[in-house]
Amino acid sequence: PTISPDGNTVYVGDVGSGVRKLHAVRVADGTMRWAFSATNVMYSAPTVSANGDTVYCATTGQDPTGGVNKIHAVNAATGEERWSSNPAATYQYYSSTPTFSPDGNMLFVGADNFKLYALDPADGSKIWESPTLGSYPARSSPAISAQAGLVFLGTREDHTLSALDMSTGALRWSFVGRGQADLLSPSVSAD
């Protein structure tokens with residue numbers, strides 16, 4: 001779940017087969033403000049714009065009653081869709097939580113085609129597409145280092161952490177972990 005900037009609403013996606021809903025729930029009493037019908041189920045948390053007017057969610061899964069997986073932008077006040085985007089232009093899972101660039105001008109999301117996408121949060125258009133990252137799906141949520149100008153993404157099973165240029169999507173470096181666990185959502189320290 002994700003809390004609105006004003007603290008009054010919690011946003012959460014439904015995962016049940018055939019449900020495909022993003023819910024806006026009042027924090028004060030747990031009543032539903034609205035429910036948005038997405039193209040498929042959501043396994044990651046939604047993201048809210050800094051000004052609180054738009055909620056972004058990524059859909060994933062092979063729900064037989066669902067449609068093509070997409071990134072959705074939803075009006076936070078009404079639950080109406082502003083736009084939807086399938087930046088991979090193919091049937092992909094978008095399993096990561098969408099993440100904003102520090103200036104709010106880009107929205108990053110990973111896909112099961114081993115790539116990271118940067119979208120324009122105003123209309124969902126693709127700004128850039130990364131090269132293929134590792135050999136397994138990019139299901140982690142991106143982490144940002146504004147100071148270094150990098151966006152980081154971990155990939156499953158092959159234990160790869162990739163550092164991408166935030167402006168262009170070019171691969172700067174990658175690190176391969178040696179443990180048994182998947183490298184999932186990275187974090188960046190303040191220093």
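Predicted model: local features only at pLDDT ≥ 70, side-chain atom pairs only at ≥ 80, totals over all residues.

Reader: Fine. In what order do the four strands of the open sheet come?

Author: The order is S9-S10-S11-S12, with antiparallel pairing. Strands here are DSSP runs (E, at least two residues), numbered from the N terminus. Two strands pair if DSSP finds at least two bridges between them.

Reader: Which are the edge strands?

Author: Strand S9 (99-100) and S12, each of which pairs on one side only. S9 is joined to S10 by two bridges, and Thr-99 faces Phe-108 in S10.

Reader: And how many bridges join S10 to S11?

Author: Four, in the antiparallel sense. Phe-108 has Ala-118 as its bridge partner in S11. The hairpin of S10 and S11 has five residues between the strands, and Phe-114 in the turn has a positive phi of about 70°.

Reader: What stands opposite Ala-118 in S12?

Author: Trp-128. S11 and strand S12 (residues 126-129) are antiparallel and share three bridges. Six residues lie between them in their hairpin, where Gly-124 has a positive phi near 80°.

Reader: Are the faces of S11 covered or open?

Author: Both are covered: Leu-116 and Ala-118 are buried on one side, Tyr-117 and Leu-119 on the other. Buried means under 20% relative accessible area (1.4 Å probe, protein chains only). In a regular strand the side chains alternate between the two faces of the sheet.

Reader: Switching topic. How many residues of S14 are buried?

Author: Six of its six, in a strand that spans residues 150-155. Leu-150, Phe-152 and Gly-154 are on one side, with Val-151, Leu-153 and Thr-155 on the other.

Reader: Which residue stands opposite Phe-152?

Author: Ala-143. Strand S13 (residues 143-145) runs antiparallel to S14, with three bridges. Their hairpin has four residues between the strands, and Gly-149 there takes a positive phi near 70°. S14 also pairs with strand S15 (residues 160-165), antiparallel over six bridges; Val-151 is partnered by Leu-164 in S15.

Reader: Now the largest nonpolar core. Which residues have the most contacts inside it?

Author: Ile-71 and Tyr-94, in a core of 13 residues. Strands S6 (54-58), S7 (71-75), S10 (107-110) and S11 (116-119) each give two or more residues to this core. Apart from it lies another core, of twelve residues, including Tyr-11, Ala-24, Val-48 and Val-55. A nonpolar core is a set of buried Ala, Val, Leu, Ile, Met, Phe, Trp, Tyr and Cys residues joined through side-chain atoms within 4.5 Å.

Reader: What does Tyr-94 touch?

Author: Leaving out residues up to four places away in sequence, its contacts include Ala-58, Ile-71, Pro-87 and Val-109. Contact means heavy atoms within 4.5 Å.

Reader: Last one. Where is Ser-44?

Author: In the loop between strand S4 (32-37) and strand S5 (47-48). Ser-44 is buried, with a relative accessible area of 12%. Beyond four places in sequence, Ser-44 contacts Ala-58, Ser-95, Ser-96 and Thr-97.

Reader: What does the side chain of Ser-44 reach?

Author: The backbone oxygen of Ser-96, at 3.2 Å.

Definitions and conventions. Residues numbered from 1 in each chain as written. Heavy atoms only, no water. Buried < 20%, exposed > 50% of the residue type's maximum accessible area, 1.4 Å probe, protein only. Polar contact = N/O pair within 3.5 Å; in protein donor to acceptor, adjacent residues only side chain to side chain.
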